[in-house]
Amino acid sequence: SKSNMSDVEILSSKKRKLSPDASHEEADEGGPSSSSAFHHDSSSSPSSSTQHATSSSSPNTTTPTKLPPRPPNTYDNIRTAIVINNGTRTNLIRLIGLKSLFARQLPKMPKEYIARLVFDRRHKSLAILSSDPEKKDCDDEIIGGICYRAYPEMRFAEIAFCAVSASQQVKGYGTKLMNLLKMHAVTEGIEFFITYADNYAIGYFKKQGFTKAVSMPKGRYQGLIKDYDGGTIMECYVHPTIDFTRVPEMIQAQKEFILERIRAGTAKSDKVVYPPLPPDFYAGQDVKSRAEKGAAERSLAIPGVSEAGWTMADLMASTRDAKDSDKKKHQLKSDLLALVSKVQDQQYSWCFRDPVDTNEVKDYLDVVGDPIDLKTMEKRIRRGDWYKTKHMLFSDMMKMVNNCKLYNGEGNTYYDCAVSLEKYLASISPMFTE
């Protein structure tokens, strides 16, 4: 395993600008850089200026609408730096500090391996620096760090090491470190982070948004990173517009918005008091029946239920049979996606992963009347209303194989891939009938 975060405590997060110049320290001690792209001020943000202009130009208003100032971002007080091996004195000192930190916090990793990757010119490291002036330009200046290698042409980066000094873990630097790395990744055009985590690190990476379900096409990283025995591959998508240092604030704002809408929708109905049900309310009704529809009808007949917005469909959806049906559909969807993923992972499935470009292969539809490919199958599965059974998916896969053989004929690479895939489908065919 290359990642071990057993010593990193996860807490909540904020943010700070990272300079693209690896030799440039982000800010002076104790304060944010005045040019920080991550610093937000309500008077200078695009959304604020837009609303300001709209308000001032309205004929019905005399004064512009001022948005409340955003709370200060605690990430502004964190000193950070992107460190690369460019030969400068400052970076070489910090690289030694990072190497020492990783070796100390990741005792299972060979020290020679750590040194080789940290000093490799293709790798970069994001470091959180101590604000103590006595520790400047020495090993102890490094509080925490993440060493990674970016693959710009494939828009992903592999995390090699991640660690925080034991004396600083209670301050939540593990989460802050990852959030800062995500913010910097956007400036490098990185869409995904990928790493191999051991059993001690899986929990940490899950809390940072990583998942074991790798959605990035395998062709983008296969051959660029190697597998590690005992490690679990994990992935994190980096959304380019999310401010990862203000996630708690965003969630709180969304929560307040939803509660406000709920209160607005129930402002009248939740204050109506209905009289108790009369003794003969259920007279003539089969109250002993446990049929789902009967129970829903009896509930809907209670005064106030329909007025509160409940419908027969809502009540039926809350029944046990409906819940069981939803569980079965969800399980089928998961199983079908897993089967498609298995096929996509095969080396000879490369020509089946995307639809045939009929702009390039102009006569394809003249030969193949019903084209199908793995990406189309995955879209149908996620839509949730196409495949009712696993056998229906198997039929589409066999159709895909036969289409390829029909159009290409024997004696070429595509036909050979179709034959190989047909054999593989035959070997896993019992999985389509379980």
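Where is the place of V238?

A: V238 sits in the loop between strand 6 and helix 7 (247-265). Helices (H or I, at least four residues) and strands (E, at least two) are DSSP runs, numbered from the N terminus. A word on the source: this is a predicted model, where local features need pLDDT of at least 70, side-chain atom pairs count only at pLDDT 80 or more, and totals for chains, interfaces and linings use all residues. Residues are numbered from 1 along each chain as its sequence is written, and side-chain values use heavy atoms, with hydrogens and water left out.

Is V238 buried or exposed? V238 has 2% relative accessibility, so it counts as buried. Buried means under 20% relative accessible area, exposed over 50%, and partly exposed in between (1.4 Å probe, protein chains only).

Now look at what V238 touches. Neighbours within four places in sequence are left aside. V238 is then in contact with K182, A185, V186, I190, E191, F193 and F244. Contact means heavy atoms within 4.5 Å. F210 is 28 residues from V238 in sequence, and their C-alpha atoms are 10.0 Å apart in space.

Six strands form an open sheet in the order 1-2-3-4-5-6, with mixed pairing. Strands of a sheet pair through backbone hydrogen bonds, either parallel or antiparallel. Here two strands pair if DSSP finds at least two bridges between them. Strand 1 (79-83) and strand 6 (232-237) stand at the edges. Each has a single partner strand, so one side of each is left without a neighbour in the sheet. From one strand to the next, the twist averages 25°.

Strand 4 (residues 156-164) pairs with strand 5 (residues 192-197) in the parallel sense, over three bridges. F193 of strand 5 is the bridge partner of A157. F193 is also among the contacts of V238.

Helix 3 (residues 111-118) touches strand 2 (123-129), strand 3 (142-151) and strand 4. The direction of helix 3 makes about 125° with that of strand 4. Helix 4 (residues 173-187) touches strand 1, strand 2, strand 3, strand 4, strand 5 and strand 6. The direction of helix 4 makes about 35° with that of strand 3. Angles run from 0 to 180 degrees between N-to-C directions; axes are lines fitted to C-alpha atoms, for helices over the stretch in contact.

Five of its five residues are buried, so strand 1 is largely enclosed by the rest of the structure. R79, A81 and V83 point one way, while T80 and I82 point the other way. Strand 1 and strand 2 run antiparallel, joined by five bridges. In strand 2, I128 is the bridge partner of T80.

Now take R220, in helix 6 (residues 218-221). R220 counts as buried, at 15% relative accessibility. Not counting residues up to four places away in sequence, R220 touches M154, R155, F156, E191 and F192. E191 is also listed among the contacts of V238.

R155 lies in the loop between strand 3 and strand 4. The phi of R155 is near 60°, a positive value in a residue other than glycine. R155 counts as partly exposed, at 38% relative accessibility. D137 has a phi near 60° as well. The loop of D137 is the one between strand 2 and strand 3. With 34% relative accessibility, D137 counts as partly exposed.
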